[in-house]
Amino acid sequence: MSGKPKLTYFKGRGRMESIRWLLAGAGVEFDEKFLETKEQYLELIKGGHLLFDQVPLVEMDGLKLVQTKAILNYIAGKYNLHGKDLKERAQIDMYVEGTMDLMGMFLMYPFSPPEQREAQLASIIEKATTRYLPVYEKALKQHGQKFLVGDHFSWADVQLIEAILMLEEKKCDILAQFPQLQAFKARACNIPTIKKFLQPGSPRKPPPDEAYVATVKKILSLG
Amino acid sequence: MGGKPKLYYFDGRGKMEPIRWLLAAAGVEFDEEFLETREQYEKLLQDGDLLFQQVPMVEIDGMKMVQSRAILRYIAAKYNLYGKDLKEQALIDMYVEGTTDLMGLILMYPFLSSEDKKKQLATFVEKATKRYFPVYEKVLKDHGQDFLVGNQFSWADIHLLEAILMVEEKACDTLSEFPHLQAFKAKISNIPTIKKFLEPGSQRKPVPDDRYVETVRRVFQAYHDVKAT
């Protein structure tokens with residue numbers, strides 16, 4: 001099936017950002033349709049495009065893919081970013097589930113009442129520095145290779161660089177105790193497809209702001 | 001690598017139950033080590049057995065696997081329950097993510113306060129009957145096949161049966177509007193490995209009770225009520 005993948009979501013990071021990263025990391029161009037009104041969303045539902053009435057939605061290869069992890073899994077498999085065998089895949093899966101748990105903490109953050117945000121952020125930083133980052137630091141130190149799994153670029157590396165940059169937006173020195181991750185970050189940012197994605201004008205979305213939160217709340221009828 | 005898989009978790013459902021279902025359905029025998037004390041958990045942590053300090057953990061094929069989705073995918077692929085190509089895998093993944101979201105609504109239920117429990121239960125049954133079951137009903141109706149994907153038994157079927165039974169435990173007549181799911185339930189329950197797993201004495205775990213909640217709280221030292229989703 002020809003044609004670029006088409007992403008339907010709000011104009012912001014949310015659950016779609018990891019998908020944008022992975023497609024970009026794989027060097028795959030894509031189109032985006034941004035949900036701006038409740039009517040657009042209801043039309044998608046009425047048209048039977050959303051299996052569980054939810055976005056993200058990615059249309060590619062004749063499929064209407066929903067559920068972030070299903071979409072990511074498909075892209076990783078299609079573009080050879082999922083390891084060379086079952087065991088490498090298992091290792092990649094464990095790593096990405098970890099980074100997704102970590103980045104998942106950022107998802108609800110903009111929607112929390114302002115008075116709770118400081119405590120939440122502290123919790124995210126704490127989990128990042130005590131539970132997650134040490135794991136990736138150790139993995140890189142132990143095998144001394146450039147990439148997390150199997151000495152080649154994979155979904156795990158794309159997720160990790162995404163997570164690192166997300167954390168640094170909140171705490172610029174978060175990698176201070178993690179020399180391997182610092183080196184990893186420098187390398188990853190220089191991979192041509194990633195470098196391109198990090199340039200202004202790419203489909204990469206900025207951190208969520210109040211306008212984004214308001215749009216999502218309106219469209220999903222959240223309180 | 002020889003040897004049965006070994007599961008490390010509490011003596012209860014939680015996040016390990018879908019893994020038990022999948023192994024059982026694949027006809028794979030497994031051992032279990034149940035966490036009963038804080039000391040056991042701390043030992044696992046100290047020995048570096050838990051990648052992200054969390055359970056479930058499954059020792060399988062020389063790996064100490066964590067993260068239930070990673071574990072499930074590995075088992076599904078290893079035992080040919082993951083479709084025949086990437087597109088079938090994608091369908092299976094979508095369906096499983098749906099049933100995961102559904103079962104996720106009841107995961108924290110035993111740890112909620114009493115008022116939150118009532119609300120959460122209502123949400124669980126409502127989402128089952130309005131958002132999730134209609135999808136699987138339609139899939140089965142549209143292709144008229146016995147199994148959800150590719151006319152072949154897969155992880156998606158096992159996961160759906162688990163979800164159906166879980167919903168029925170809370171509201172026994174939820175399948176009344178879904179004739180295809182009723183037929184599906186009967187068919188899948190009769191698959192020999194599943195039938196065996198549904199019999200008393202199998203490793204299937206019962207609905208979480210106070211003892212289970214107490215054990216989890218004690219091991220994780222988490223004594224607060226969880227917020228409802």
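The structure is a predicted model, in which local features need pLDDT of at least 70 and side-chain atom pairs count only at pLDDT 80 or more, while totals for chains, interfaces and linings use all residues. Residues are numbered from 1 along each chain as its sequence is written, chains are lettered from A and ligands numbered from 1 in the order in which they are written, and side-chain values use heavy atoms, leaving out hydrogens and water.

Four strands of chain A form an open sheet in the order β2-β1-β3-β4, with mixed pairing (strands are DSSP runs of E, at least two residues, and helices runs of H or I, at least four, numbered from the N terminus; strands pair if DSSP finds at least two bridges between them). The edge strands, β2 (31–34) and β4 of chain A, each pair on one side only. From one strand to the next, the twist averages 20 degrees (angles run from 0 to 180 degrees between N-to-C directions of axes, which are lines fitted to C-alpha atoms, for helices over the stretch in contact).

Within the sheet, β1(A) and β3(A) are antiparallel and share three bridges; Thr8(A) has Leu57(A) as its bridge partner in β3(A). Helix α1 (residues 17–25) of chain A packs on the sheet and touches β1, β2 and β3 of chain A (contact means heavy atoms within 4.5 Å). β3(A) and β4(A) form a hairpin with two residues between them.

In helix α9 (residues 210–220) of chain A, Tyr212(A), Val213(A), Val216(A) and Ile219(A) are buried (under 20% relative accessible area, with exposed over 50% and partly exposed in between, for a 1.4 Å probe and protein chains only). These residues lie on the same side of α9(A) because they cover an arc of only 140 degrees around the axis, taken from the directions from the helix axis to the C-beta atoms. An α-helix has 3.6 residues a turn, so residues three or four places apart point the same way. Their cover includes β1 (6–9) and α2 (38–46) of chain A.
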